[in-house]
Amino acid sequence: YTGKTGAQLLTENLNKIFVRDYQSLPVVVNENISVYDAIVSVFLEDVGTLYVVDENSHLVGVLSRKDLLRASIGKQELSALPVNIIMTRMPNITYCEKDDMLIDVAKKLIDKQIDSLPVVKVTDQGLEVTGRITKTNITKAFVALVDGDL
Ligand code: ADP
């Protein structure tokens, strides 16, 4: 018997869960594609958020479902409107790295009131998108914690 409380054990287990253990594949699009094509990607790839990259595959923006809806209620021609006009752009993107603790990502999602973070590899040239963490990934970790199969 360790003499530890349930809360201490929970904290210990939480500190052992990393982004790399629960991340999923990112869906990235080029900054020059149209809002129309981005909406098509959301359905084809079955994701809520698209990460936007430049010609060097470096992260330049984030497109959420609501960003795309907002652009769609205007009078613009969606197939002629590039996503880089409407996306949330660097340096305002909150991101994480694969070796970060999942609990810290969960806190960022709450603080920033967003649904997902891109997982990136930081290089001198820019940020390479290697994964994503969504509220669904966090929920899976939460359930695994209770089921004891970490
Ligand atoms: P939705 O807008 O569909 O509810 P979110 O809550 O994730 O989805 O997005 C809210 C706003 O925050 C959007 O304008 C989106 O571009 C932006 N956003 C989403 N994820 C991030 C992120 N990781 N970093 C910065 N901004 C983000």
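Gln 113 is exposed, as 6 other C-beta atoms lie within 10 Å (exposed means 12 or fewer other C-beta atoms within 10 Å of a residue's own, buried 20 or more, and partly exposed in between, with C-beta atoms placed from the backbone). Gln 113 sits in the loop between α5 and β5, and its phi is positive, about 55°, although it is not a glycine. The model is predicted: local features need pLDDT of at least 70, side-chain atom pairs count only at pLDDT 80 or more, and totals for chains, interfaces and linings use all residues. Residues are numbered from 1 along each chain as its sequence is written.

**Backbone and exposure**

Most residues other than glycine have a negative phi, and most peptide bonds are trans. Asp 46, in the loop between α3 and β2, has a positive phi of about 55° although it is not a glycine. A cis peptide bond with omega of about 5° joins Met 90 and Pro 91; Pro 91 lies in the loop between β4 and α5.

| Residue | Other C-beta atoms within 10 Å |
|---|---|
| Asp 46 | 8 C-beta atoms |
| Ile 85 | 10 C-beta atoms |
| Gln 113 | 6 C-beta atoms |

Ile 85 belongs to the loop between α4 and β4 (88-89). Ile 85 and Asn 32 are 53 residues apart in sequence, with their C-alpha atoms 9.5 Å apart.

**Overall architecture**

The chain has six helices and six strands, where helices (H or I, at least four residues) and strands (E, at least two) are DSSP runs numbered from the N terminus. Their order along the sequence is α-α-β-α-β-β-α-β-α-β-β-α. Along the principal axes, the C-alpha atoms fill a box of roughly 65 × 35 × 25 Å. Of the 150 residues, 25% count as buried. Among contacts (C-beta atoms, placed from the backbone, within 7 Å) with a separation of 6 or more, 61% join residues 24 or more positions apart.

Leaving aside neighbours within four places in sequence, Val 83 is in contact with Val 29, Glu 31, Ile 33, Val 35, Ala 38, Val 52 and Leu 63.

The buried residues of α5 are Leu 102, Val 105 and Ala 106. Seen down the helix axis, they fall within an arc of 105°, so they line one face of α5; the arc is that of the directions from the axis to the C-beta atoms. The face turned away from this buried side carries the exposed residues Asp 104, Lys 107, Asp 111 and Lys 112. The cover over the buried residues of α5 includes α2 (19-22), β5, β6 and α6.

Helix α6 (residues 135-147) has 13 residues and reaches 18 Å from its first C-alpha to its last, close to the 18 Å expected at 1.5 Å a residue, the expected span being 1.5 Å times one less than the number of residues. Gly 148, with a positive phi near 75°, follows α6.

**Ligand shell**

The ligand is surrounded by 14 residues, the closest being Ser 64, Arg 65, Lys 66, Thr 88 and Asp 115; a residue counts when its C-beta atom, placed from the backbone, lies within 6 Å. β3, α4 and β5 are the elements that give two or more residues to this shell, and α4 provides the largest share, three residues.

Definitions and conventions: Two residues are in contact if their C-beta atoms, placed from the backbone, lie within 7 Å.
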